[in-house]
Amino acid sequence: MNEPPAGPRAVPSPPTDLEGLARAVTELHTALGLSGDRPTPGGTPDEAPDGTPSDVPRDVTAGGATAHVVAVVGEGGRGRTTVARQLAPIPARIIDAPPWGSPGALPDADVVVVAVAAGSPLGMGERQVVEAAAERTGGAPVLIAVTRLDTLDEEERPALLSYVRRRARTILPAVRVVPAGRTPGEGDDLRAEVAAELGRATPEAQARRRLRATLGEDLALLAERATREAASQAQRRRQREAQHAAAEKALAEGEKRWEIIDATLTRRCAQEVTAARTRVRDERESLLQDVLAAHEAGDPAAAARVDRAARAILAQGQAQADAALTHDRDEAVRQVRDRFRTDLTASLAQPPDTAHTAAPEPVPAPAPPPSGSRRRTTATAAAGMTLTVVTLARGASVQAIGIAGLTAFLLAFDHREHGKARAAAARDQVDRIVDAAADWLARYTEDAYTALLDRVREARDQWRAAAAPPGTADDHRAEEPDWGRVQERVAELKRVLDALNRRQYVQHGEVS
């Protein structure tokens, strides 16, 4: 069934007549997709206890089939077969029904005769027979035939019959209690009562009774299925709820773990950016001394040594940043793999979208100017070169950090410059280059950690999509009927049918 179980609730109030009840039952079958499974009246009898087909309702009528059926029912040893033989002369089909409790115990009967023994009248088994007669036959008249009265004294029989009559009418109104003896003459009263009941069984009354019986069987089967399906449905709902709760718990725990990984990498990024700047700036004094010593020596080759020293500082800082990043990346890969069964190796091998920009090639050092104009020209060239280095440093690589600025500085000042001015200028130039180098290394470190964080967050988003909890029980309402509501609807219609059946006995008593 693809529709929600609103169909069984389509009738706002229970029907009050037989036609309305039949429509309601049909609508219930249709809503549940069971229209082709409507049962036929009657059932399959149980296997005979003695190996013979005696448990199949036996036709004890001497003549052929007639329009009317009389069913004689009762427990074994209560005279059921005797009663059936007493009724054989009646122009109707007399059924000696199988023991009570089997599916074919009560066939499509116009009259039901319940055989009870005088020694134990209306025990629990007989009460069940009388109570179920209305349901199984659709309200057929019920007579109680009291057998074995010959076991009692003559004066005790009226009291016994009165007692059985009182007890019977507490079960169903208008129940007839009739004595039934062993000889044909002792069955006259019983045959007269049965014949009178059959005389009132018009074709229209038979059709309505059979409809009530069919509806009763329909509702009984629906009730049985609804009970079974409701239990199975409740179990499936509990399983879905348990799966949903487990998935929610796993999702919450996973989110906490992702937060820890993300926070750890974010913190490590901040730490390593600070460390990168510190590593470069810690070398400032050493680099300044190299610059001043090279200037004092006046050795043109000293510029290359200073250049190499500056590059070494950057290379060392980059190596330390790479080592820290490698350790943190490996740890993040391990945690994601162990906790989320996701391998980031292939993803991290891809070029990051936010990689730092490569810088242009270093600007070459300016050539020495002609004598006479050297001081102003070279100083101006050095200042312009340094500004160029500072401007491009943020996107520079280790090989293109602008070390040419150092060489420009060495060539820009005359040996005749005063020591104090020379030292101040050297210090200013070194500060500019150190700041530029520190900025580059910090940016390099930050970009590398940002790329790693981006990959980790992409893996987290993929995990979230896969780890989404399954739908709850409410999400499956449109997929199957709510069998609990079907149970309620079946019980409601069953109460209507019971009331219609009991009404037959009340009316029957008023007619009689």
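**Close-up 1. Helix H1 passes helix H6 in a left-handed crossing.** In this predicted model, the axes of helix H1, which spans residues 18–31, and helix H6, which spans residues 203–281, come within 11 Å and cross at roughly 35°. On the H1 side the contact is formed by Leu18, Glu19, Leu21, Ala22, Val25, Leu28 and His29, and these meet Arg208, Leu211, Arg212, Leu215, Asp218, Leu219 and Leu222 of H6.

**Close-up 2. The largest nonpolar core contains 29 residues.** Within this core, the members that touch the most other members are Val112, Val114, Ile144 and Val146. At least two residues of the core are supplied by each of strand E2 (69–73), strand E4 (111–117), helix H3 (124–137), strand E5 (142–147) and helix H4 (157–169).

**Close-up 3. The surroundings of isoleucine 144.** When residues up to four places away in sequence are not counted, isoleucine 144 touches Val114, Val116, Leu122, Val130, Val164, Ala168, Val175, Arg176, Val177 and Val178. One of these neighbours, Val114, is listed with Ile144 among the core residues that touch the most other members.

**Close-up 4. Valine 306 in helix H8.** Helix H8 covers residues 302–340 and includes valine 306, which counts as buried because its relative accessibility is 3%, where the cut-off for buried is under 20%. Valine 306 and leucine 292 are separated by 14 residues in sequence, and their C-alpha atoms lie 10.0 Å apart in space.

How values were computed: Residues are numbered from 1 along each chain as its sequence is written. This is a predicted model: local features need pLDDT of at least 70, side-chain atom pairs count only at pLDDT 80 or more; totals for chains, interfaces and linings use all residues. Side-chain values use heavy atoms; hydrogens and water are left out. Axes are lines fitted to C-alpha atoms, for helices over the stretch in contact, and angles run from 0 to 180 degrees between N-to-C directions. Helices (H or I, at least four residues) and strands (E, at least two) are DSSP runs, numbered from the N terminus. A crossing is left-handed if the near helix is turned anticlockwise from the far one by less than a right angle, and right-handed if clockwise. Contact means heavy atoms within 4.5 Å. Buried means under 20% relative accessible area, exposed over 50%, partly exposed in between (1.4 Å probe, protein chains only). A nonpolar core is a set of buried Ala, Val, Leu, Ile, Met, Phe, Trp, Tyr and Cys residues joined through side-chain atoms within 4.5 Å.
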